[in-house]
Amino acid sequence: MTTLDINGKRHKIDLPDDTPLLWALRDLLGMTGTKFGCGMAVCGACMVHLDGTPTRACVTPISAAAGKKIVTIEAVGNDPVGRKVQDAWLALNVPQCGYCQSGQIMSATALLKQHPRPSDEDIDKAMSVNLCRCGTYQRIRAAIKQAASLNEEPV
């Protein structure tokens, strides 16, 4: 039995320790906002935060997530920075097919928490772990810059 702290709630998980966190989130807990993309830590569609660090849930066993604070796309908007990222995503109509966007938002939120005023290089480096088959990279960069400018406003 593994206990996971997900979005501020504790969940007792009865799965083998090597079960990928993604399967616990999606299949056991019904949190389908975190997407299954490649299953090989290549595309970033499954990105979540573990103690604030962007982490690919498809290759992270639940044993490695135990004792850490897990945040998924379902709760990232509860955070002021995450909410600003989501607002910028909507304002600029970033998604095309949308499949990768939850992972993109998780990475962008982690970036802005670490670098509130990121350079283009910071954005490119942080977002290089997420792939978008639709090619929305320019809108993603614009949304990150817009969310960063919103960081100057009081929360």
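Here a residue counts as buried under 20% relative accessible area, exposed over 50%, and partly exposed in between (1.4 Å probe, protein chains only). The model is predicted, so to keep to its confidence limits, local features need pLDDT of at least 70 and side-chain atom pairs count only at pLDDT 80 or more, while totals for chains, interfaces and linings use all residues. Residues are numbered from 1 along each chain as its sequence is written, and side-chain values use heavy atoms, with hydrogens and water left out.

A search of the whole structure turns up 5 salt bridges, each being a side-chain nitrogen of Lys or Arg within 4 Å of a carboxyl oxygen of Asp or Glu. One of them pairs lysine 113 with aspartate 79, at 2.6 Å from N to O. Lysine 113 sits in helix α4 (residues 101-114) and aspartate 79 in the loop between β5 (69-71) and α3 (80-91), so this contact ties together parts 34 residues apart in sequence. Helices (H or I, at least four residues) and strands (E, at least two) are DSSP runs, numbered from the N terminus. Lysine 113 is partly exposed at 43% relative accessibility, and aspartate 79 is partly exposed at 21%.

Aspartate 120 has its own set of contacts. Its side chain meets that of arginine 141 in a salt bridge of 3.6 Å, N to O. Aspartate 120 is partly exposed at 34%, as is arginine 141 at 22%. Lysine 145 also bridges to aspartate 120, at 2.6 Å from N to O. Shared partners join Asp120, Asp124, Arg141 and Lys145 into one salt-bridge network.
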